[in-house]
Amino acid sequence: IINCDMKKLVWLILGLVVIVAIVLFVVFNNQKLVTPTNCDLKSSQSERMSCLVSNAVNIKDISKCDEITDAAYKSDCLSKVSAALKNCDGLRTMEKAACYQAWGTNEKDITICDKARDSTYAGSESFVYSCYVDVAKAKNDASICETLRTIELNGPYKNAQYTDICLANFK
């Protein structure tokens, strides 16, 4: 009798170990985190740089941006990680505008988008516009496009053009 109960216990333990192993396998394979070694395996320089940016954003570690050698990707990394951390202070002007755009888009909040306009960067209107469009699409709310008519924008598009371009996403 003891021998039979012991066999059942062994099979039960083995079954539990298999179940735990399967759960761990599923959890770890569904993670979005890309390790730096995986980035090194990317075939092109742009894929490697994009991978490093994604990794830094996923783990919300701005120091990882220092590992990026390409200036444009490094700037993108600083903006996106700062947005993920919800802190655009201390960034250069273009990076700050891009940070507020990413943060506003992430939070689906046009009041954050408006902060990009407060940046001293001359091209900040494009960041505000893009943010409004992204938020409008994410919320499936064309009325957000209409609010572009009410804010002062001075870029290559005037307010009506921004609004029409935004509304085109809903046709």
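**Figure 1. Aspartate 66 and its salt bridge to lysine 74 in the predicted model.** Aspartate 66 is exposed in this predicted model, because its relative accessible area of 55% lies over the 50% limit for that class. Its partner in a salt bridge is lysine 74, and the closest N and O atoms of the two are 3.9 Å apart. Lysine 74 has a relative accessible area of 28% and is therefore classed as partly exposed.

**Figure 2. The salt bridge between glutamate 107 and lysine 86.** The side chains of glutamate 107 and lysine 86 form a salt bridge, with an N to O distance of 3.2 Å. This pair links distant parts of the chain: glutamate 107 belongs to helix H5, lysine 86 lies in the loop between H4 and H5, and 21 residues separate them. Glutamate 107 is partly exposed, at 38% relative accessible area. Lysine 86 is also partly exposed, with a relative accessibility of 43%.

**Figure 3. Arginine 92 paired with glutamate 95.** A salt bridge joins arginine 92 to glutamate 95, and their closest N and O atoms are 2.8 Å apart. Arginine 92 counts as exposed, with 57% relative accessibility. Glutamate 95, by contrast, is buried, because its relative accessible area of 4% is under the 20% limit. Glutamate 95 is also one of the residues touched by serine 79, the subject of the next view.

**Figure 4. The surroundings of serine 79.** Serine 79 is located in helix H4, which spans residues 71-84. Its relative accessibility is 3%, so serine 79 counts as buried. Leaving aside residues up to four places away in sequence, serine 79 touches Leu91, Glu95, Ala98 and Cys99.

**Figure 5. The largest nonpolar core and tyrosine 132.** The largest nonpolar core holds 38 residues, of which Cys77, Tyr132, Leu148 and Cys166 touch the most other members. At least two residues of this core come from each of the helices H3 (45-59), H4, H5 (93-107), H6 (110-117), H7 (124-139), H8 (143-146) and H9 (159-167). Helix H7 gives the most to the core, contributing eight residues. Tyrosine 132 is in contact with Ile110, Cys113, Asp114, Ile144, Thr147, Leu148 and Ile151, residues up to four places away in sequence not being counted. Among these contacts is Leu148, itself named with Tyr132 as one of the core residues that touch the most other members.

**Figure 6. A nonpolar surface patch that includes leucine 9.** The patch consists of Met6, Leu9, Val10, Trp11, Leu12, Ile13, Leu14, Leu16, Val17, Ile19 and Val23, and together these residues have about 1100 Å² of accessible area. Leucine 9 lies in helix H1, which covers residues 2-29. With a relative accessible area of 42%, leucine 9 is partly exposed.

**Figure 7. The protein chain as the setting of the close-up views.** The secondary structure of the chain comprises nine helices and zero strands. Of its 171 residues, 32% are buried. Among contacts with a separation of 6 or more, 36% are between residues 24 or more positions apart. The chain exposes about 10700 Å², and carbon and sulfur atoms supply 58% of this area.

Definitions and conventions: Residues numbered from 1 in each chain as written. Predicted model: local features only at pLDDT ≥ 70, side-chain atom pairs only at ≥ 80, totals over all residues. Heavy atoms only, no water. Helix = DSSP H or I, 4+ residues; strand = E, 2+ residues; numbered from the N terminus. Buried < 20%, exposed > 50% of the residue type's maximum accessible area, 1.4 Å probe, protein only. Contact = heavy atoms within 4.5 Å. Patch = residues over 30% accessible without salt bridge, like charges linked within 9 Å, V, L, I, M, F, W, Y side chains within 5 Å. Areas by Shrake-Rupley, 256 points an atom, 1.4 Å probe, with all protein chains shown as cover. Salt bridge = Lys/Arg side-chain N within 4 Å of Asp/Glu carboxyl O. Core = buried A, V, L, I, M, F, W, Y, C linked by side-chain atoms within 4.5 Å.
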